[in-house]
Amino acid sequence: MRIIIPGGSGLIGQALIPALTADGHETWLLSRNPDSVYIPAGAKACLWDGKTSQGWSHLLDGAGALINLTGENIGAAPWTEDRLKQIRQSRTNAGQAIVEGMRQARNGPKVLLQQSAIGCYGVSPDKTFDESFPFGSDVLAQICVDWEASTRPVEEMGVRRVVLRTGLYLTRRGGVLETIALPFRLFAGGPLGSGRQWYSWIHERDWIEAVRFLIRSEAAQGIYNLTAPEPVTNAEFGRTLAWVLRRPYLIPAPAFALRLALGKMSMLVLEGQRVLPRRLQEAGFQFKYPKLHDALEQILRS
């Protein structure tokens, strides 16, 4: 089938597209700079402005699926008011453009997968969240409210919509794992703040396999947490990472110093949520890397 992937030039898209192409799908990456981004072998790219359906909506006719991965990187710059506005608008504008294109299509995709994040639940040191929990009230949760709502109108068109609430996405190609691992590589790793905050994570391969699974499963609809079934605290994550890298686990980073250095962004490392993939497991999905140690071994030492 033809699969269209807005935001496919990002970290997740660059891993997902080769997997879908290997399955025999015709994959199209939508990018604001298609001439300057890496296009995986076998895939194609099309220009879009991230705000309208102009120039790419013709691809929707006869397509089987659309996977919306768009959104500014939340960890790329300090969270000023303008930056938070950009983060929100990059998500909502893209979603509205997708809905506009789907309305114009005569024979559009039958399934739309909408990326989101487990930050939608807010933060808690003691609660355990599954898909039944409501949105939280902090800034990231409220961005997720608008992010997810941006493509909800496609459901009125009879499109099966699946929301992918993704946890910490672990890959050898960069992203959050490389940021966390850097001080350990420099023999300066340790807990961040109290170390008791929860990290709900997922191996790159399990994320990709979950997307394949949800595309194929015609009964799959609504919200799915894409996290491994065994979340860990920051301290557990750090100790496991240190063991895999064969580095010491010694030097704590005080919470006040991280807040001073990162401002509002410090919540990304000092706070978290324990999230379980209840609906994914109930649907029969089997994780290849349910345990953090095995996941980090495969990513960092294979």
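1. Start with strands 1 and 2. In this predicted model, strand 1 (residues 2–6) runs alongside strand 2 in a parallel pairing held over five bridges. As background, strands in a sheet pair through backbone hydrogen bonds, in either a parallel or an antiparallel way.

2. Is strand 2 mostly enclosed or mostly open? Strand 2 (residues 26–31) has five of its six residues buried, so the rest of the structure largely encloses it.

3. Seven strands make up an open sheet, with parallel pairing, and the order reads 3-2-1-4-5-7-11. At the edges sit strand 3 (44–47) and strand 11 (222–226), each of which pairs on one side only. Going from neighbour to neighbour in this sheet, the strands are turned by 20° on average, direction ignored.

4. Two helices to look at against the sheet are helix 3 and helix 5. Helix 3 packs on the sheet by touching strand 5 (111–117) and strand 7 (160–166), and its direction makes about 175° with that of strand 5. Helix 5 (residues 204–216) also packs on the sheet, where it touches strand 1, strand 4 (65–68), strand 5, strand 7 and strand 11. The direction of helix 5 makes about 165° with that of strand 7.

5. Helix 1 is worth a look too. Nine of the twelve residues in helix 1 (residues 11–22) are buried, so this helix is largely enclosed by the rest of the structure. The buried ones are I12, G13, Q14, A15, L16, I17, A19, L20 and T21. What covers them includes strand 1, strand 2, strand 4, strand 5, strand 8 (168–170) and helix 5. Just past the end of helix 1, G24 has a positive phi of about 95°.

6. Last, the helix pair. Helix 2 (residues 81–104) packs with helix 3 (residues 139–149) at an angle of about 25°, and their axes are 9 Å apart. That angle makes the two helices roughly parallel. The crossing of helix 2 past helix 3 is right-handed.

7. Which residues make the contact between helix 2 and helix 3? Helix 2 brings L84, I87, R88, R91 and T92, while helix 3 brings V139, Q142, I143, D146 and W147. By type, the contact residues divide into five nonpolar, two polar and three charged.

Note on methods. Residues numbered from 1 in each chain as written. Predicted model: local features only at pLDDT ≥ 70, side-chain atom pairs only at ≥ 80, totals over all residues. Heavy atoms only, no water. Axes fitted to C-alpha atoms, helices over the stretch in contact; angles between N-to-C directions. Helix = DSSP H or I, 4+ residues; strand = E, 2+ residues; numbered from the N terminus. Parallel < 35°, antiparallel > 145°, perpendicular 65-115°, else oblique. Left-handed = near helix turned anticlockwise from the far one by under 90°. Contact = heavy atoms within 4.5 Å. Nonpolar A, V, L, I, M, F, W, Y, C, P; charged D, E, K, R; others polar. Buried < 20%, exposed > 50% of the residue type's maximum accessible area, 1.4 Å probe, protein only. Pairing = 2+ DSSP bridges.
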